[in-house]
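Here is a friendly tour of one protein chain and its ligand. Please have your viewer ready.

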Amino acid sequence: MGYISRNHILIILIILLALLGVMYISLKDNISYFRYVFCPTDAPLTNDELIKQHCPEDKSRRFGDLKMQPGLHYAQPSTQRGRTDVNSVTNWNAPLVWEGTFDRVLIDAIYKQQDPRVAVIVLAVGKYTRFLKKFLESGEKFFLVNLKVTYYIFTDNEQDVPKIELAEGRRISILPVPSAKRWQEVVLSRMKWATVTIEQKLRDEADYLFMMDVDSVFHNTFGSESLSKLSAVLHRGYYKNVPRKQFPYERRPESKAYIPIDEGDYYYTAAVWGGYIEDMYKLVKHCYEQSEEDAKNGIEAAWQEESHLNRYLLYNKPTKVLSPEYLWSDYDAVQPDIKVVRVSQIVKNYSEVRPNKGH
Ligand SMILES: CC(=O)N[C@H]1[C@@H](OP(=O)(O)OP(=O)(O)OC[C@H]2O[C@@H](n3ccc(=O)[nH]c3=O)[C@H](O)[C@@H]2O)O[C@H](CO)[C@H](O)[C@@H]1O
Ligand SMILES: [Mn+2]
């Protein structure tokens, strides 16, 4: 009796081992567990041979490194001097970026050696194509000028996309999207178009992605200090002296963008934000799915995709928070703590420019 059951156990063990072997061989290149173990983005990696073997194309690892070439001349950093009128670190220890918190020469040199490809997704649907000329022309003067940039313009009106002269290493790619009856549809659809386009091609064409409003004009350098795994910009209207319970987050628990009244860090704008392509993918896919879920339940978040973005960033903290220097507005007087306006939203006639008259 004992002899038989030993044999049984042996046979079962052999079958199990064989099964595990087959599973390993068929899945080892696909399941995310293996990628996760061997190809993390920022974690310190020790076994270079393993990485080469399993992640031959994975460049994301490079972007965690902050290398500098020998011989670069820049001012000595101080532990005593810096901006004292504003806070330049979040309470989760991420940089809060203001003019005066970085050295342009040093930071550009660091990011230049990574030589990243940067994608910008911008929608110009309906009458919004009129904003493209200034957006692109000023972008060529001030937006990551030492890096490779491709502007992905999503439009229902290709012939109205202006021909702009671009510097070397910079491109425009036009992608057709349907027209819309409501402006809310357009802003919400940004999460969908970003998700789909990353899946179809952006992953192979870009290392970083920025999402931007087209009614924006660059006025000063928007440089590599803005780059990180996930960078979000403080909304100019709520960046100081506003209790979080007054932030215009989505407050109805029925919406997937819901944030309880006593929670929240900052209010971020959806008009400028960016990060590594894969981190952006996680974000846009999540927000797209959440807004679809809302639509099924017959609810639209208070500030559309901006509400979903704010909820995501509350529970998945950004690795850099950019000051409102990175998105000001021509509607508002510039505050003394804003030393440089890098981008500003232009004044527009909402009811004239939007399909449903801005309602
Ligand atoms: C400064 C700021 O925080 N801006 C946000 C705010 O209003 P805004 O008044 O800035 O929104 P907006 O009218 O500029 O729309 C956002 C963007 O969507 C695109 N667009 C919109 C409508 C249209 O018919 N065609 C078109 O192409 C275009 O790229 C535009 O820049 O709220 C919106 C959502 O409610 C977005 O979150 C914006 O990012
Ligand atoms: Mn706008």
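## Ground rules

This is a predicted model, in which local features need pLDDT of at least 70 and side-chain atom pairs count only at pLDDT 80 or more, while totals for chains, interfaces and linings use all residues. Residues are numbered from 1 along each chain as its sequence is written, with chains lettered from A and ligands numbered from 1 in the order in which they are written.

## The chain overall

The protein chain holds nine helices and 11 strands (DSSP runs numbered from the N terminus: H or I of at least four residues for helices, E of at least two for strands). Of its 359 residues, 34% are buried, meaning that 20 or more other C-beta atoms, placed from the backbone, lie within 10 Å of the residue's own.

## Helix α6

Helix α6 (residues 183-205) has a kink of about 65 degrees centred on isoleucine 198; the bend is the angle between axes fitted to the seven residues ending there and the seven starting there. Ile198 is itself buried, as are Trp183 and Leu202, among others in α6. The cover over these buried residues includes β2, β3, β4, β5, α7 and α8.

## Core and ligand

In the largest nonpolar core, which has 73 residues, Val120, Val122 and Leu209 have the most contacts (a core joins buried Ala, Val, Leu, Ile, Met, Phe, Trp, Tyr and Cys through C-beta atoms within 7 Å).

Around ligand 1 there are 23 residues, the closest being Tyr128, Asp213, Ala270, Ala271 and Glu306 (C-beta atom, placed from the backbone, within 6 Å). β2, α6, β8 and α8 each supply at least two residues of this shell.

Definitions and conventions
Buried ≥ 20, exposed ≤ 12 C-beta atoms within 10 Å, placed from the backbone. Contact = placed C-beta atoms within 7 Å.
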